[in-house]
Amino acid sequence: MPMAPTDLKQLRDHGFDTVIDVRSPAEFAEDHLPGAINLPVLDDAERARVGTIYKQDSPFRARKIGAALVFKNAARHIEGPLADRAGGWQPLVYCWRGGQRSGSMAWMLREIGWRADTIDGGYKTYRRLVTGMLYDAPLDLRLVQLGGYTGTAKTDLLAVLKRRGVQVIDLEGLARHRGSLLGARPGGQPSQKAFESALAQDILQLDPARPVVVEAESSKIGELILPPSLWAAMKDAPWIEVEAPIEARTAYLVDAYADILADADRLRAKLAPLRRHRGHALVDDWNDRIARGDKPGLVESLMRDHYDPAYATAMRAQAPRIMARIAARSLDQSALDSVAGEIEAALDRMETAPRA
C-alpha cells in the first residue's frame, strides 16, 4: 500500500533506505523531499513532449509514448545508479501526484525483488504538509529575535550559539542571502518552495519547550518571503539586542562583504537605486570611495547614512519587547564567544520563566 503520511514527521521517519524522486530534473531542482535522489523517468524535454501530445493530439498516444520513455529511462537507472543495490534494499518512490511515473518505477523495482513503495499523492502530499506547517497553523516555538544594527555579527553569533547547544534557525543561511541590499551570495537563492522545505526540516528538529534564536529580519530575505506562520511568531517574539561600536562593525563588514566590495561595477549597480532615497550627493560620494578603493570609508558611510537610519525607523515602527541588551567591544572570535555566553544566560532566564 502507498505510504499515506499525515504529518512531516512521518515522512522524515519513513524507514526506507532511499527516497527516489522520479520527476524531471527541473521539477526536482525547484524542490524535493529532503535527502531524495533524482532518477527521472522523463527528462524535461520528454515531459514537455508527452504533455503537448496529451493536450493537442491524443491522451492514449501520449500514454503510449510516455510509457515507452518511462520504462526505457527506468531501465537505464537500474543498469546505472541502482546496479549495486542488494536484494533487501527498500526504496520509496514518488512523482508529482503519486501517479503513473512513480507507479511504473515502483512496479518495475518490485518485479526485480526490491521492496519498493510509493507516496500517496506524491510530491503534492509533501508540499501540502509543508504549507500546513508554515502557512495554516501557528508555530509552537518560543522564538527570540536577535537584533542589532547592521554589522553586529548576528549571523556569526547564531553559529556560535548553535555550537554551545542553543537552538537556532539561520534564516539567512537557508535563504543563501545576507538579508540586505548588498546581501546576495554567489549561486543565487533557492526557490521559495525549497527554502520552505529546508525551513520546515529545521523546525522539525527543535524542542518547542526551549527558546529558539532567530536573527531579526524583515518579511523578505532577498527575493524570498518568510512564510506567514513564522513571520507571525517572529513579530510576537521578544528581542535580544546586540550593540557594537561602529569601528568594530566596519571592520567586520569589510571582511564579511569582501566579495561584493571587490566587484566595483556590481557594487555601483546595487547602490544606484538609493539615489532616490538618499540623494545624488551621497551616492556620488559612495562611488568616489569605490573608485579610490576606500572600503572602510564606504562601509562606514553606508551604515551611518543608510543602514542605521533604516534600522532605527524599523525599530520605532515595530517597538519590540527587548529582554536584554548586550554590548560587544569588538567582534573578533573571543568577543563573539563572550557575547554568546551573555545571550545564553538571558535565554536561561527565559527558560525558567513561566510560558504565557
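Which residues does Leu-271 touch, not counting residues up to four places away in sequence? The legends below answer this and describe further close-ups of the model. The model is predicted; local features need pLDDT of at least 70, side-chain atom pairs count only at pLDDT 80 or more, and totals for chains, interfaces and linings use all residues. Residues are numbered from 1 along each chain as its sequence is written, and side-chain values use heavy atoms, with hydrogens and water left out.

**View 1. Leu-271 in the largest nonpolar core.** Leu-271 touches Leu-181, Leu-182, Val-283, Trp-286, Ile-290, Leu-298 and Leu-302, not counting residues up to four places away in sequence; contact means heavy atoms within 4.5 Å. The largest nonpolar core has 44 residues, of which Ile-240, Leu-271 and Ile-343 touch the most other members. Helix α17 (residues 333-352) gives the largest share of this core, 7 residues. A second, separate core of 39 residues includes Leu-33, Ala-36, Leu-143 and Ala-200. A nonpolar core is a set of buried Ala, Val, Leu, Ile, Met, Phe, Trp, Tyr and Cys residues joined through side-chain atoms within 4.5 Å. Buried means under 20% relative accessible area, exposed over 50%, and partly exposed in between (1.4 Å probe, protein chains only). Helices are DSSP runs of H or I with at least four residues, and strands are runs of E with at least two, numbered from the N terminus.

**View 2. The aromatic pair of Phe-71 and Trp-107.** The structure holds 5 aromatic pairs. In this one the ring centres of Phe-71 and Trp-107 are 6.1 Å apart and the planes stand at 85°, so the pair is edge-to-face. Phe-71 belongs to helix α4 (residues 59-79) and Trp-107 to helix α5 (residues 100-112), 36 residues apart, and the pair thus links distant parts of the chain. Phe-71 is partly exposed at 31% relative accessible area, and Trp-107 is partly exposed at 44%. Rings of Phe, Tyr and Trp (its six-membered ring) pair if their centres lie within 6.5 Å; planes under 30 degrees apart count as stacked, over 60 as edge-to-face and the rest as tilted.

**View 3. Tyr-123 and its aromatic cluster.** Tyr-123 and Tyr-126 form a tilted pair, 6.0 Å centre to centre with 55° between the planes. The two residues are 3 apart in helix α6 (residues 122-136), which means a separation of about one helical turn. Tyr-123 is buried at 2% relative accessible area, as is Tyr-126 at 1%. Arg-23 lies over the face of Tyr-123, 4.4 Å from the ring centre. A charge sits over a ring if NZ of Lys or CZ of Arg is within 6 Å of the ring centre and within 35 degrees of the ring normal.

**View 4. Helix α4 and the helices it packs against.** The buried residues of α4 include Ile-65, Leu-69, Asn-73 and His-77. The buried residues of this helix pack against α3 (44-56) and α5.

**View 5. Glu-196 in helix α9 (residues 192-204).** Glu-196 is buried, with a relative accessible area of 0%. Among the residues that Glu-196 touches, not counting residues up to four places away in sequence, are Arg-127, Val-130 and Pro-227.
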